[in-house]
Structure formats: structure tokens, C-alpha cells
Amino acid sequence: EIADKYDASKAEDVLKGRKTEEEVLAEFLANFEVGGSKDGLVTKKEFLDYYERLSASIDNDDYFELMIRNAWHITGGEGWCANSSNKRVLVTHSDGSQSVQEIKNDLGLKA
């Protein structure tokens, strides 16, 4: 499932022609497989273990929350922990008023 959501096309190495999208995806998935089987699949345990290791290197819980929300496009958060990576659109309502609305669950959504 993670591989379906990860967009390697914007990775610097892909944009500069140094690596293919497949190579970047394989490297990304390998981050989760420390001590596990190198099968290109990420189990729930591997995912949780990865973020547990990562969280140990981040001093501020609020920053960790913001990083996770933005990386995986998880809506919500308060103050500076609020998600800022989900796409937003300007909506014009039938009465002519406008508002900016967040698109929830936009991970993998193409522009």
C-alpha cells in the first residue's frame, strides 16, 4: 500500500536523471526493513519500528507530529502542528462567498 502512495517522480535523483523512479522507491522501502526481511513490502511492525527509531532523533513532540502529518497527509493538528501539506482549493459558494477548503485524504492525488 505504501508503494502506491509514494510518488518518486519528484525525487531529486529522478528529476536529475541519476536514478529511476523504481530505484528511488526501492530505496525508500528499504528504510523500513531494518532487521526484517528484504522483500519490498512494509509490514505494520516495520512501519511502527521505523517511526519509533525516527522519533528518538527528534527532540520536539510537536515537530514530530507536524512531520508525520505532512509526510502522510494526515489532516488535523492544532497550532503549528496543523497539517500544511494537504491540497487546498478556493471554493466559491452559491451566495458568492469564498472559502479555502482542505482536500482530505489527498495522498496520491495528482494535481
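Which backbone oxygen lies 3.3 Å from a polar atom of the side chain of asparagine 83? In this predicted model, where local features need pLDDT of at least 70, side-chain atom pairs count only at pLDDT 80 or more, and totals for chains, interfaces and linings use all residues, it is the backbone oxygen of arginine 69. Residues are numbered from 1 along each chain as its sequence is written, and side-chain values use heavy atoms, with hydrogens and water left out.

The protein chain contains five helices and two strands, arranged along the sequence as α-α-α-α-α-β-β (DSSP runs numbered from the N terminus: helices H or I of at least four residues, strands E of at least two). Its radius of gyration, taken over C-alpha atoms, is 17 Å, whereas a compact globule of 111 residues would have a value near 13 Å (globule rule: 2.2 Å times the number of residues to the power 0.38). The C-alpha trace spans about 55 × 35 × 25 Å along its principal axes. Of the 111 residues, 19% count as buried (under 20% relative accessible area, with a 1.4 Å probe and protein chains only).

Asparagine 83 is located in the loop between α5 (61-72) and β1 (88-92). This residue counts as buried because its relative accessibility is 5%. A polar atom of its side chain also lies 3.1 Å from the backbone nitrogen of serine 85. Leaving aside residues up to four places away in sequence, asparagine 83 touches Arg69, Asn70, His73, Ile74, Thr75, Gly76, Arg88 and Glu102 (contact: heavy atoms within 4.5 Å).

Definitions and conventions
Buried < 20%, exposed > 50% of the residue type's maximum accessible area, 1.4 Å probe, protein only. Polar contact = N/O pair within 3.5 Å; in protein donor to acceptor, adjacent residues only side chain to side chain.
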